[in-house]
Amino acid sequence: MRRLLLFAIFGLAALVGCDTAALETESQVVVEAYLEAGEPMDSVRLTRTARASAEYTPERTAVQGADVQVQRLNDSGGVAATVPYTETDSTDGLYIPETPATVKPQGTYRLRAAPPEGPVVTAETTVPAPVEAVRTQNDTTTYPDPDDENSDPPQFELTVRPGPSALERQNVYVLTSRSLLDLQSIPASPPDSVAGRLLTPFYLEQYDADSDTLASFRVNSSGLLNEANFTSNDDGTVSITLPWLAVAFYGPNQIRASVVDDNLYDFLRTQSAQQMSLAPGEIPNIDEDIENGTGIFGSFAEASGKVLIRPPNPTGDDVPLRP
């Protein structure tokens with residue numbers, strides 16, 4: 001379930017709540033599944049769309065008893081290997097591989113999900129080439145002082161070596177920061193006096209102790225970033241500077257740079273267009289690649305590094321600087 005949680009920032013719930021598919025009379029199967037290059041195959045979640053006026057929760061709309069498998073295809077489009085999935089006992093609608101299998105970089109995979117009722121749902125993804133973390137700079141740095149307009153501390157930099165792209169476009173990245181603080185040892189919704197020692201200024205302004213939890217700020221994403229936004233080096237590597245706005249928490253943070261496949265690229269690109277639309281008649285559909293269903297079956301490759309962000313004005317009861 002790790003990827004379902006980490007990629008929750010992609011807002012699949014928004015798709016099933018806002019996309020035109022959710023307004024149709026006939027319910028559709030919603031797929032949420034991700035493959036990471038070089039890593040074990042992760043879980044597949046199957047739910048159904050709900051009417052626009054109904055509450056959507058994965059538990060109430062889970063698709064149970066489906067026949068789920070992920071097939072790796074050969075160069076001619078035939079099936080080279082099949083990994084069957086089984087439904088977990090702990091979470092309705094969540095399916096995991098019956099046997100361990102590693103995702104092959106630049107391999108093409110087909111998801112096949114046959115629900116108890118309705119047509120078979122299929123989707124395909126071609127996994128990006130691996131991305132290698134080469135080096136990091138400014139692994140420990142201080143957040144800019146909001147009261148000092150001349151404050152300009154060095155920013156964390158992650159240099160990666162992307163693999164060759166098989167796509168007809170430059171690599172597109174999603175940059176994600178995740179706080180490594182032990183939030184379980186801190187009250188879930190502390191008062192502002194405590195949150196102010198944990199959250200950076202921008203996120204502290206958004207925080208409301210009556211309605212927010214610290215955990216809801218743990219993971220933050222940049223959205224889509226073209227490779228041209230970063231520094232290309234003579235040795236073929238790419239240097240990515242972490243924007244301060246991506247950092248929600250002081251202390252240790254993990255920074256991930258993920259190269260996405262066409263499915264995730266199309267999904268996020270059109271999702272962003274939806275969020276920028278104002279009038280209902282102008283809201284475009286999500287661009288998805290699911291046959292007989294909706295949702296996302298995508299893949300990515302990523303590299304990561306860690307940075308320690310110190311507050312600009314430390315105090316005696318400063319934030320813990322350990323995960």
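A residue is taken as buried when its relative accessible area is under 20%. By this criterion, 48% of the 323 residues of the protein are buried in the predicted model. The secondary structure consists of five helices and 17 strands. The accessible surface amounts to about 15800 Å², and carbon and sulfur atoms account for 46% of that area. Contacts across the sequence were also examined: among those between residues at least 6 apart, 72% join residues at least 24 apart.

In soluble globular proteins, nonpolar side chains tend to be buried together. In the present model, the largest nonpolar core comprises 48 residues, and Met 41, Leu 46, Val 68 and Phe 297 have the most contacts inside it. Strand S17, spanning residues 294-310, gives the most to this core, with five residues. Apart from this core lies another, made up of 12 residues that include Leu 181, Tyr 203, Tyr 207 and Leu 214.

Strand S6 (residues 108-114) pairs with strand S3 (residues 67-73) in the antiparallel sense over seven bridges, and Gln 69 stands opposite Arg 112 of S6. Strand S6 is also joined to strand S7 (residues 121-126) by six bridges, again in an antiparallel arrangement. Within this pairing, Tyr 109 has Thr 125 of S7 as its bridge partner. The hairpin of S6 and S7 has six residues between the strands, and Gly 118 in this hairpin takes a positive phi near 100 degrees.

The side chains of Glu 124 and Arg 110 meet in a salt bridge with an N to O distance of 3.3 Å. Because Glu 124 lies in strand S7 and Arg 110 in strand S6, the pair ties together parts that are 14 residues apart in sequence. Glu 124 is partly exposed at 38% relative accessibility, and Arg 110 is also partly exposed, with a relative accessible area of 22%.

In a further salt bridge, the closest N and O atoms of Arg 161 and Glu 132 are 3.9 Å apart. Arg 161 belongs to strand S10 and Glu 132 to strand S8 (residues 131-137), so this pair ties together parts that are 29 residues apart in sequence. Arg 161 is partly exposed, with a relative accessible area of 34%, and Glu 132 counts as partly exposed at 45% relative accessibility.

Arg 256 forms a salt bridge with Glu 302, with 3.0 Å between the closest N and O atoms. This pair links distant parts of the chain, since Arg 256 is in strand S15 (residues 251-260) and Glu 302 is in strand S17, 46 residues apart. Both Arg 256 and Glu 302 are buried.

Gln 155 occupies the loop between strand S9 (140-142) and strand S10 (157-162). Gln 155 is partly exposed, with a relative accessible area of 28%. The side chain of Gln 155 reaches the backbone oxygen of Leu 242 at 3.0 Å. With neighbours within four places in sequence left aside, Gln 155 is in contact with Gln 137, Asn 138, Thr 241, Leu 242, Pro 243 and Trp 244. The C-alpha atoms of Gln 155 and Trp 244 are separated by 7.7 Å, although the two residues are 89 residues apart along the chain.

Positive phi values were also found in residues other than glycine. Phi of Gln 106 is near 65 degrees; Gln 106 lies in the loop between strand S5 (94-97) and S6, and counts as partly exposed at 43% relative accessibility. Asn 292 has a positive phi of about 65 degrees. The position of Asn 292 is in the loop between strand S16 (290-291) and S17, where Asn 292 is partly exposed at 39% relative accessibility.

Notes: Residues are numbered from 1 along each chain as its sequence is written. This is a predicted model: local features need pLDDT of at least 70, side-chain atom pairs count only at pLDDT 80 or more; totals for chains, interfaces and linings use all residues. Side-chain values use heavy atoms; hydrogens and water are left out. Helices (H or I, at least four residues) and strands (E, at least two) are DSSP runs, numbered from the N terminus. Buried means under 20% relative accessible area, exposed over 50%, partly exposed in between (1.4 Å probe, protein chains only). Contact means heavy atoms within 4.5 Å. Accessible areas come from the Shrake-Rupley method with a 1.4 Å probe; for residues, only the protein chains shown count as cover. A nonpolar core is a set of buried Ala, Val, Leu, Ile, Met, Phe, Trp, Tyr and Cys residues joined through side-chain atoms within 4.5 Å. Two strands pair if DSSP finds at least two bridges between them. A polar contact is a pair of N or O atoms within 3.5 Å; within protein, one must be able to donate a hydrogen and the other to accept it, and residues adjacent in sequence count only if both atoms are side-chain atoms. A salt bridge is a side-chain nitrogen of Lys or Arg within 4 Å of a carboxyl oxygen of Asp or Glu.
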